Amino acid sequence: MKKSPYVGAKALGVVVCLTALTVLVSCGPKDGSTPQRDNVLHVGKDISTLGNMDVMLTSQSAPFEISDTITDTLVGKREEDLALYPLLLADFPSISEDGLTYTFTLKKGVLFHDGTELKADDVIYTFNRFFNPATQANMVWLCDEVIKGAMDVEKGLA
């Protein structure tokens, strides 16, 4: 009877798992005590090739991954069904009858790390910086067809 090629792969998988578990177990304290938790999330990421962490100036994924762990957006997206929900907004924006004006109401009490409250001027600053030609943001093209006048701002015409 011919031996299945998967038997060797399964055996190799078991050996790799046992080796990994042994390595993980050996990473604990040598005296058998429980390691002390400092309630800080430590994330390892090689950022030596990134050049910068400004998400407006890159199209690499690592700055976005890191930024997503420490910042919020106006609207969130559920992973299960990609449904949008208000995150930093009190509710979804109201939309004018002609569909050209969206009015956003920010949640009250949203604070920056320094304790200052999120205000409309902060959101306006972000949009202005993103579309300012001097910023040279890499992802502006995503908005050219979606936000009326975005391309004019990007080209320095408005």
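Residues 24 or more positions apart supply 18% of the contacts in the protein chain, counting contacts with a separation of 6 or more. The model is predicted. Its protein chain has 158 residues, and 14% of them are buried. The accessible surface comes to about 13,100 Å². Carbon and sulfur atoms hold 60% of that surface.

The chain contains four helices and four strands. Read from the N terminus, the order is α-α-β-β-β-β-α-α.

**Helix α2**

Start with α2, which covers residues 61-70. Which of its residues are buried? They are A62, P63 and S67. Seen down the axis of α2, the buried residues fall within an arc of 130 degrees, so they line one face of the helix. D68 and T69 are on the other side of α2, and they are exposed.

**Helix α3**

Now turn to α3, residues 120-131. Its 12 residues should span 16 Å at 1.5 Å a residue. The end C-alpha atoms are 17 Å apart, which agrees.

The buried residues in α3 are V123, F130 and F131. They cover an arc of only 90 degrees around the axis, so they sit on the same side of α3. D121 and Y125 lie on the other side of α3 and are exposed. What do the buried residues of α3 pack against? They pack against α4, residues 150-154.

**A cluster of rings**

Aromatic rings come next. The count is two aromatic pairs. F127 and F131 form a stacked pair. F127 and F131 both lie in α3, four residues apart, which is about one turn of the helix. An α-helix has 3.6 residues a turn, so residues three or four places apart point the same way.

How exposed is each partner? F127 is partly exposed, because its relative accessible area of 41% falls between the limits of 20% and 50%. F131 has a relative accessible area of 8%, so F131 counts as buried, the limit being under 20%.

F130 and F131 form an edge-to-face pair. F130 is also buried, because its relative accessibility of 16% is under 20%. The table sets out the two pairs.

| Pair | Arrangement | Centre to centre | Angle between planes |
|---|---|---|---|
| F127 and F131 | stacked | 6.5 Å | 25 degrees |
| F130 and F131 | edge-to-face | 5.0 Å | 80 degrees |

Why is one pair called stacked and the other edge-to-face? Planes under 30 degrees apart count as stacked, and planes over 60 degrees apart count as edge-to-face. The angle for F127 and F131 is 25 degrees, so this pair is stacked. The angle for F130 and F131 is 80 degrees, so this pair is edge-to-face. Ring pairs link F127, F130 and F131 into a cluster.

**A buried threonine in the loop**

Where is T135 found? T135 is in the loop between α3 and α4. Its relative accessibility is 15%, so T135 counts as buried, the limit being under 20%.

Which residues does T135 touch, not counting those up to four places away in sequence? T135 touches M56, L57 and R129. With R129 there is a polar detail to look for. A polar atom of the T135 side chain lies 2.6 Å from the backbone oxygen of R129.

Key:
Residues are numbered from 1 along each chain as its sequence is written. This is a predicted model: local features need pLDDT of at least 70, side-chain atom pairs count only at pLDDT 80 or more; totals for chains, interfaces and linings use all residues. Side-chain values use heavy atoms; hydrogens and water are left out. Rings of Phe, Tyr and Trp (its six-membered ring) pair if their centres lie within 6.5 Å; planes under 30 degrees apart count as stacked, over 60 as edge-to-face and the rest as tilted. Helices (H or I, at least four residues) and strands (E, at least two) are DSSP runs, numbered from the N terminus. Buried means under 20% relative accessible area, exposed over 50%, partly exposed in between (1.4 Å probe, protein chains only). The expected span of a helix is 1.5 Å times one less than its number of residues. The arc is that of the directions from the helix axis to the C-beta atoms. Contact means heavy atoms within 4.5 Å. A polar contact is a pair of N or O atoms within 3.5 Å; within protein, one must be able to donate a hydrogen and the other to accept it, and residues adjacent in sequence count only if both atoms are side-chain atoms. Accessible areas come from the Shrake-Rupley method with a 1.4 Å probe; for residues, only the protein chains shown count as cover.
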